[in-house]
Amino acid sequence: IRILISMIPFFLIMAFRWNLGFDAVYGYGHYSSGYQWAAVGINKYNYTVGFFKFFEILAKLNIPIFWCYFIITIIYFAAICIFIYKLNLNMIWASITLFGVDMLIFSFSAIRQSLSLAIVMLALAVYFSNYKYRAGITLLLLALASTIHLTVLCYVLLILGDLIIGDSII
């Protein structure tokens, strides 16, 4: 049941954000252009703070944008693997999680979403574990993820709701 509840925000994002992506607003190639602007410290496309800083650091190090995307992909898949491992999912649920999330994220060419949702996966892995300060660490990770993409706030509400109501939900 944990995995189903964890996926609810993904379905909400899919339902309400499918046509509101950055590419639809700024047109083709805005990430490449935004990356070049980030190299000189200008946030031309008004990216969220966390994502812009990520872009800016890599761009100022003269790392080509391909490698920036590659780094995001590595972070993303590592986070999913950690999530699957921490929740002790069986192979069927692991496959559903990995391919379902992958298709959802990358089918929208969602660079910012995939980076923020990688952090969300880590936050959920912490939340579902037995760490002493799991709620605090989870909320800190979600706060960091929300600086990259604001749709993460639905997870903050889900976790806060679970903390207020108790462990009966998740």
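Helices (H or I, at least four residues) and strands (E, at least two) are DSSP runs, numbered from the N terminus. I wrote this definition down before looking up any element.

**Entry 1: the model**

I noted that this is a predicted model, in which local features need pLDDT of at least 70 and side-chain atom pairs count only at pLDDT 80 or more, while totals for chains, interfaces and linings use all residues. Residues are numbered from 1 along each chain as its sequence is written, and side-chain values use heavy atoms, with hydrogens and water left out.

**Entry 2: overall make-up**

I looked up the elements and found nine helices and zero strands in the protein. Read along the sequence, the pattern is α-α-α-α-α-α-α-α-α.

I then looked up burial, where buried means under 20% relative accessible area, exposed means over 50%, and partly exposed lies in between (1.4 Å probe, protein chains only). Of the 170 residues in the protein, 44% are buried.

Next came contacts, meaning heavy atoms within 4.5 Å. Taking contacts between residues at least 6 apart in sequence, I found that 61% join residues at least 24 apart.

**Entry 3: the core**

A nonpolar core is a set of buried Ala, Val, Leu, Ile, Met, Phe, Trp, Tyr and Cys residues joined through side-chain atoms within 4.5 Å. The largest such core has 40 residues, and F51, F55, V120 and L142 have the most contacts inside it. Two or more residues each come from α3 (30-38), α4 (49-60), α5 (65-86), α7 (111-127), α8 (134-146) and α9 (153-165). Which helix gives the most to this core? I found that α7 does, with eleven residues.

Leaving aside neighbours within four places in sequence, L142 is in contact with V120, A123, V152, Y155, V156 and I159.

**Entry 4: helix pairs**

Two packed helices are described by the angle between their axes and the distance between the axes. Axes are lines fitted to C-alpha atoms, for helices over the stretch in contact, and angles run from 0 to 180 degrees between N-to-C directions. Angles under 35 degrees count as roughly parallel, over 145 as roughly antiparallel, 65 to 115 as roughly perpendicular and the rest as oblique. A crossing is left-handed if the near helix is turned anticlockwise from the far one by less than a right angle, and right-handed if clockwise.

I looked up α5 and α7, which pack at an angle of about 25° with their axes 8 Å apart. The two helices are therefore roughly parallel to each other. The crossing of α5 past α7 is left-handed. On the α5 side the contact involves Y69, I72, I75, Y76, A79, I80, I82, F83 and K86, and on the α7 side I111, S114, L115, A118, M121, L122, L124 and A125.

I turned to α7 and α9, which pack at an angle of about 10° with their axes 12 Å apart. This pair is therefore roughly parallel. Here L117, V120, L124 and Y127 of α7 make contact with Y155, I159, D162 and L163 of α9.

Are α8 and α9 roughly parallel or roughly antiparallel? Their angle is about 165°, with their axes 9 Å apart, and that makes α8 roughly antiparallel to α9. Their crossing is left-handed. In this pair A135, T138, L139, L142 and S146 of α8 meet L153, Y155, V156, I159, L160 and L163 of α9.

**Entry 5: cysteines**

I searched for disulfides, each being a pair of cysteine sulfur atoms within 2.5 Å. The search of the whole structure finds zero. C68 counts as buried because its relative accessibility is 0%. C154, with a relative accessible area of 25%, is partly exposed.

**Entry 6: K60**

I located K60 in helix α4. With a relative accessible area of 47%, K60 is partly exposed. Not counting residues up to four places away in sequence, K60 touches A38, A39 and G41.

**Entry 7: positive phi**

Most residues other than glycine have a negative phi, and most peptide bonds are trans. I therefore recorded two residues with a positive value.

N46 has a phi near 55° and lies in the loop between α3 and α4. N46 is exposed, with a relative accessible area of 61%.

N62 has a phi near 60° and lies in the loop between α4 and α5. At 67% relative accessibility, N62 counts as exposed.
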